[in-house]
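Please keep the coordinates open while you read.

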Amino acid sequence: TSGTGLSVSVRDLLFFQQLLRRADCLRTCEREQFGCPSTLFHVSQEVENEFQKRIPYNYLQMAYFKIRKLDKAVAAAYTFYVANPEHAEMRQNLEYYRMMEGVKESDFKDLEAIPHMDEFRLGVMLYTDEDFRTAADHFEKALEKYFLANEECRAMCEGPYDYEGYNYMDYNADLFQSITDHYIQTLNCKQDCIVELSKRPDKDKPIEDFLPAHFNYLQFAYYNTENYEKAIECAKTYLLFHPNDEIMNQNVAYYSVVYGEEKSVNITPRERIQTYIRHSLREKELLFLAYDIFGITFVDPDTWTPEDVMPKRLREKQKLERETAARISEEIGNLMKEIETIVEEKQKESVDIAKMVQEGGPVLFDGIKVTMNSKTLNGSQRVVLDDVISDEECRELLRLANAASSTGDGYRGSHSPHTPNEKFHGVTVYKALKLGQEGKVPQKSAWSYYNVTEKARKLVESYFRLENPLYFSYSHLVCRVAVEDKQESRSDLSHPVHVDNCILNSEALDCKKESPAYTERDFSAILYLNDDFEGGNFIFTELDAKTVTANVRPQCGRLVGFSSGRENPHGVEAVTQGQRCAVALWFTLDPRHSERERVQSDDLVMMLFSPVDHEFLKEGGSKEPVLVSTSSSGKEGVAAINPSDHPEKTAELTQSADKPLPDSSGSTDSELSTESQTQDPTASISNTLESSDKKDEL
């Protein structure tokens with residue numbers, strides 16, 4: 001029992017009674033305001049990231065331009081450019097817009113302007129110009145709008161628990177642990193609002209000490225307007241954050257002498273800030289406690305937090321970690337030169353991979369035929385292999401695709417990432433294995449998918465006579481389906497012509513190997529599963545993306561393999577009827593870019609299948625896996641994993657930065673794509689305008 005005479009169980013009941021009443025109040029409010037629970041309005045992190053980068057405005061400016069609404073096109077273009085100032089094409093578009101008839105300077109406005117940041121920016125500009133009175137007004141407005149934004153940001157944190165990928169499958173916390181996990185995650189999110197509200201749209205790094213900075217500016221602005229009472233108030237408020245700031249303490253002493261020490265004593269820091277700091281420190285105490293006890297990481301976003309807020313044991317632990325890091329930093333420094341030398345040698349070796357590769361090596365497996373080589377495909381480092389898998393294996397993978405794949409998988413949820421005339425759905429190897437583990441799809445089918453990708457890797461590695469092993473960069477079983485009512489007079493491609501590891505500029509006949517392209521990719525392969533559809537042929541082209549050099553008709557068991565560089569631009573003709581399915585694969589010669597999900601898949605295979613399959617996989621066989629029984633012996637089987645394939649299970653998949661493109665399918669872009677497409681809307685406006693009279697005519 002507690003000091004109040006209430007038992008622990010009764011106090012728990014009272015706590016949950018208040019909790020239930022609050023939940024009921026919030027639900028009632030949501031129904032009145034939205035007509036449904038607010039959780040229905042939550043979107044994925046990928047969608048949030050797209051909006052944070054203002055990607056939709058890239059498309060809006062093109063749409064408005066096409067329908068001749070120039071004022072809205074200019075505003076959309078400018079809004080995008082504010083957050084992406086290094087985007088050369090959009091900068092060029094804005095220059096063209098300025099020369100067009102009917103475009104006014106007032107059209108160049110930021111539609112996503114952050115109110116408190118705008119006021120702060122204006123305040124700093126006026127402060128620099130020594131217009132202190134007006135500057136103070138803007139800083140005060142910035143504070144009001146900052147706290148409004150803070151309340152909104154913190155409220156958005158009170159959503160559903162984020163299980164971070166597939167962790168929810170293994171999550172088994174009890175009542176109090178699950179409450180702790182969710183509440184600490186919510187507090188972490190609320191503290192992160194400090195970072196979010198301090199960011200400018202064109203910068204990734206937040207403004208340090210953003211909130212205290214307001215009072216630093218204000219105390220001096222009020223002093224220069226001889227408003228000493230306000231100057232003292234703001235200076236004392238700043239000292240709540242940094243009580244040992246020598247200069248600010250001197251300012252308070254000086255202002256007090258000027259204003260009168262007797263009157264100055266009664267001037268206190270702003271109550272709102274005192275409340276804010278007390279509340280924030282209490283949250284930090286809980287977060288550091290959870291960090292100390294449960295290991296739930298918390299990174300303090302503030303520089304002003306007192307040291308004693310962190311538990312002593314955690315402080316000592318972090319001090320020891322810093323000392324350890326300092327000891328090894330010298331060794332790392334000594335290794336850097338050696339690493340740089342190795343990287344330089346690696347880059348020199350990969351400048352022209354074509355010079356290193358001699359194709360025509362053995363295909364390793366019986367029954368596989370080399371149907372077309374580079375010569376017959378009118379290019380270099382290209383091959384078409386047939387009978388890579390059997391008809392039964394094709395049917396099995398097709399059944400898996402239809403059972404396990406989800407619409408928009410690999411495309412950030414977009415149902416039609418490349419063309420509105422087709423729908424896309426897919427599934428990764430790891431997801432298929434997880435579904436097999438749960439009994440939602442046959443484990444044999446998931447095994448077959450895993451085994452087929454390994455077989456394809458070995459074929460590419462062997463045929464192109466690679467001296468170094470290939471590592472998986474990404475694997476995707478993907479189907480594209482023709483939308484029946486959208487095929488009439490269709491002239492687009494199912495997948496625009498692109499290059500897998502560089503940004504294709506078809507007009508300049510160039511391909512730049514730089515971000516956001518997946519420059520780490522060295523070889524690519526597509527294994528087809530069916531041919532009962534119309535259209536959908538795979539094509540190789542010249543760098544102009546127009547001159548077709550080879551046309552390959554998909555069929556069950558046919559694999560197209562090729563190097564991922566500028567020598568192999570490729571695309572897919574429109575699928576006009578039916579469903580076209582294939583396993584798309586990308587490989588890298590650099591183990592640092594080995595796919596993390598592949599390592600997880602390897603671990604899952606080790607757990608699910610018996611040692612018998614080890615020998616069959618090494619021999620390239622397709623034996624049905626024997627499932628492991630853990631009911632009695634508790635032993636788990638080991639599947640065949642090539643140790644040289646995964647030297648480090650901690651290898652991270654390098655993600656390229658996004659670039660606004662019609663195909664914004666991201667890192668999981670199937671059919672051998674990077675985001676380096678040839679139809680960037682920003683580029684097309686410039687090209688269109690160059691051919692016009694630079695007025696409002698297209």
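Cysteine 157 counts as buried because its relative accessibility is 8%, where buried means under 20% relative accessible area, exposed over 50% and partly exposed in between (1.4 Å probe, protein chains only). Its partner is cysteine 189, with which cysteine 157 forms a disulfide, defined as a pair of cysteine sulfur atoms within 2.5 Å. Cysteine 157 sits in the loop between α7 and α8 and cysteine 189 in helix α8, so the bond ties together parts that are 32 residues apart in sequence. Cysteine 189 is partly exposed, at a relative accessible area of 32%.

Before going further, a word on the source: this is a predicted model, in which local features need pLDDT of at least 70 and side-chain atom pairs count only at pLDDT 80 or more, while totals for chains, interfaces and linings use all residues. Residues are numbered from 1 along each chain as its sequence is written, and side-chain values use heavy atoms, with hydrogens and water left out.

**The disulfides**

A search of the whole structure finds five disulfides. Counting bonded cysteines along the chain, they follow the pattern 1-4, 2-3, 5-9, 6-10, 7-8.

| Pair | S to S | Angle about S-S | Hand |
|---|---|---|---|
| Cysteine 153 and cysteine 193 | 2.1 Å | -90° | left-handed |
| Cysteine 157 and cysteine 189 | 2.0 Å | -70° | left-handed |
| Cysteine 479 and cysteine 581 | 2.0 Å | 115° | right-handed |

Cysteine 479 belongs to strand β5 (residues 471-482) and cysteine 581 to strand β16 (residues 579-588), so this pair ties together parts that are 102 residues apart in sequence. Cysteine 479 is buried at a relative accessible area of 1%, and cysteine 581 is buried at 0%. By contrast, cysteine 29 is in no disulfide; the nearest cysteine sulfur, that of cysteine 25, is 6.7 Å away.

**Helix α8**

Helices (H or I, at least four residues) and strands (E, at least two) are DSSP runs numbered from the N terminus. Helix α8 (residues 175-196) has 22 residues and reaches 31 Å from its first C-alpha to its last, close to the 32 Å expected at 1.5 Å a residue; that expectation is 1.5 Å times one less than the number of residues.

Among the buried residues of α8 are Asp181, Ile184, Leu187 and Cys193. Their cover includes α7 (132-156) and α13 (271-294). Cysteine 193 has a relative accessible area of 0%.

**A buried threonine**

Which strand holds threonine 541? Threonine 541 lies in β11 (residues 538-541), and is buried at 1% relative accessibility. Leaving out residues up to four places away in sequence, threonine 541 touches Arg382, Val497, Lys546, Thr547, Val548, Thr549 and Pro569, a contact being heavy atoms within 4.5 Å.

**The chain as a whole**

The chain has 20 helices and 16 strands, and 44% of its 698 residues count as buried. The mean pLDDT, which is the predictor's confidence in each residue from 0 to 100, is 82, and 82% of the residues reach 70 or more. Over residues 612-684 the pLDDT is below 50, although this stretch has 243 contacts in the model beyond near neighbours in sequence. Where pLDDT is low, the predicted coordinates should not be read in detail.
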